[in-house]
Amino acid sequence: MTGVLVRADAVTHRFGRFVAVDRVSMQVRPGEVVGLLGANGAGKTTLIRMLLGLLATDAGRVELLGGPPDLEHRRRLGYVPQNLGLYRDLTVLENLTFIARCYGADVPRLPAEMEPYSRALVQDLPLGIQRQAAFIAALSHSPELLLLDEPTSGVDALARASLWDTIRGESDRGIGVLVTTHYMQEAQQCDRLLLMSNGRVVAEGSESDIVGSTTALAVRTDDWAKAFAALNAADAPVVLVGRAIRVADTEPAELRRILAAAGIEANIEPVPATIEERMLVLARESEAA
Amino acid sequence: MTFGVRSATARFGDTVALDNVTVDVPSGMVVAVVGGDGAGKSTLLRALTGEVPLDTGAVQAPPKQDLGYLPASSGSWAALSVTQNIDFVGGIYGLKGEALAVRRAELLERAKLTGAADRLASQLSGGMRRKLGFSMAIVHEPSLLVLDEPSTGVDPVSRIDLWRLVSEAAATGTAVIMSTTYLDEAERAAHLVVLDGGRVLVQGSYDEVRAGFTGAITRSDQPVRAEWSWRRGRDRREYWPDTDPPPGATIVQPDLEDIIIALSLRRRAARPLS
């Protein structure tokens, strides 16, 4: 297995003439939490379906848990889909029993805080508890690799922290985790991020690797509404933060020209970019290419 | 003009969905309401639109024809084209002929949907569909705009585009209140409201919320009191609400995520869950 749980070597998948995934290479090692980020249509789902063997590769190769991504290797991974994959009209215990039996595993013991919910129908439980149950189900057969699709969507910060306690606990025990997310807070929980755009990996590394020393411009002016309108009309990637304005991917000179043309006096200052702003810039670049 | 709710309480049977909530939504401002499933976000918004009657408290909102609402579900009709969706809603507000055509063209251009005008709503990406719903909610230039999770499930790049549209509405004087599960959006809003179990956990601008936070948050790999700690990446955070952290502990500048978790822990410690 050489210390890699899942590996893609220059994999490509086309739908007709559309290249959904274009020569992507990536891997997840034991104990590692890897975040997969990107716009809708960037190729995240297609990549994951290839990693799972649910979609054939048109070029390149996938290795899952030391072999081809077939049923035999798939049974050694745990998966929490976005819609949780639980039967809503069964109880928590019934779900866990059914799923454990599918894998030939023992029915997992519920942690004390979940015990009061064991005989409740899944559909009657708060979303945070449903998500906990889905995690317990996915972990019941002691998988070596965990695949999570938007694992904390819709839950509050405390429930999200508790789910990440579970995820991190698993990775401490040596499980590899691949997680897709739209939450920047969640991206910050990962050891390593893969940023996809238009079927390609456009950036890779920790959050600080990806953002690096890139900057955005902060515009401060009394006439924020007018400045926002002018920059927006000029199609600059502008974000309003309270009453301040941030602009990604624009030269200071260009910004000054737009504001001057609108008769606005403003103080322009470079500030460290956020990961979202970096994503926006990378997405624009890959679209232009 | 300031809209909002004052001392609002709403019950559904035995469930208190809103518990003495006061929120102001002034013109030209984006107010973001955050919280998890069941926190009371939708109830607060639907109290403003008049869909949920309050048990006690008062609502200050414009009449229906001056209020725009994007529901959490979809906000557009899947079987209609982008143009038909806008024209239908525009027609309800009495827009027709040249005025409707001008308004439609303007909305589509702003939302970058001009190229998709003839596509069915069902054929749009998630982000495009939410932008269509947004455009429909503002077709009649309402003075209060109520958006229920406009960005949930929308990817980060499209979300910035959506935020641009929301900002634009505020910049032209509209009062905007939106619910969101993304804390980065709450940080960007002029005013943020954190709901937890129907009550306001904290509200203010992000700077005010940070300044008003009391106690210390430390970082370590071995927390002293597990019940006051949570995971952030490879380390754990620990909250010291009333006592000083032990000497030598690494104190961190909390972000909104840390602050909300810490305040939620404090609330739960103060009144244990039954």
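Visitor: Which residues of H4(B) are buried, and what makes a residue count as buried?
Guide: Gly127(B), Arg130(B), Lys131(B), Leu132(B), Gly133(B), Phe134(B), Ser135(B), Met136(B) and Ala137(B) are the buried residues of H4(B). A residue is buried at under 20% relative accessible area, exposed at over 50% and partly exposed in between, with a 1.4 Å probe and protein chains only. With 9 of its 12 residues buried, H4(B) is mostly covered. This is a predicted model, in which local features need pLDDT of at least 70 and side-chain atom pairs count only at pLDDT 80 or more, while totals for chains, interfaces and linings use all residues; side-chain values use heavy atoms, with hydrogens and water left out. Residues are numbered from 1 along each chain as its sequence is written, and chains are lettered from A and ligands numbered from 1 in the order in which they are written.

Visitor: What do the buried residues of H4(B) pack against?
Guide: Their partners in chain B are strands S5 (67-70) and S6 (144-147) and helices H2 (82-92), H3 (97-110) and H5 (156-171). The rule for a contact is heavy atoms within 4.5 Å. From strand S5 of chain B, Tyr69(B) touches Ala137(B), as well as Arg46(B), Thr49(B), Glu51(B), Val146(B) and Asp148(B), when residues up to four places away in sequence are not counted.

Visitor: Why do Tyr69(B) and Glu170(A) get the classes they have?
Guide: Tyr69(B) has 24% relative accessibility and therefore counts as partly exposed. Glu170(A), in helix H5 (residues 157-172) of chain A, has 12% and therefore counts as buried. Beyond its neighbours within four places in sequence, Glu170(A) is in contact with Leu139(A) and Ile175(A).

Visitor: What kind of ring pair do Tyr183(A) and Tyr182(B) form, and why?
Guide: Rings of Phe, Tyr and Trp (its six-membered ring) pair when their centres lie within 6.5 Å; planes under 30 degrees apart are stacked, over 60 edge-to-face and the rest tilted. By this rule there are 5 aromatic pairs over all chains. For Tyr183(A) and Tyr182(B) the centres are 4.6 Å apart and the planes at 35°, so the pair is tilted. Tyr183(A) sits in the loop between strand S7 (176-180) and H6 of chain A, and Tyr182(B) in the loop between strand S7 (175-180) and H6 of chain B, so the pair joins two chains. Both Tyr183(A) and Tyr182(B) are buried. Elsewhere, ring pairs link Phe213(B), Trp228(B) and Tyr239(B) into a cluster.

Visitor: How many residues line the second largest pocket, and which lie nearest its centre?
Guide: The lining has 32 residues, and Val241(A), Arg246(A), Thr274(A), Glu187(B) and Tyr206(B) lie nearest the centre. The volume of this second largest pocket is about 960 Å³. By class its lining has 14 nonpolar, 5 polar and 13 charged residues, where Ala, Val, Leu, Ile, Met, Phe, Trp, Tyr, Cys and Pro are nonpolar, Asp, Glu, Lys and Arg charged, and the others, including Gly, polar.

Visitor: How many helices and strands does chain A have?
Guide: Chain A has 10 helices and 13 strands, and 55% of its 289 residues are buried.

Conventions. On a 1 Å grid over the protein atoms alone, a cavity is a set of points where a 1.4 Å probe fits but cannot get out, and a pocket is an open set with protein on both sides within 12 Å along at least five of seven lines; lining residues have an atom within 4 Å of a point. Grid points are joined across faces, edges and corners, and a volume is the space filled by probe spheres set on the points. Helices (H or I, at least four residues) and strands (E, at least two) are DSSP runs, numbered from the N terminus.
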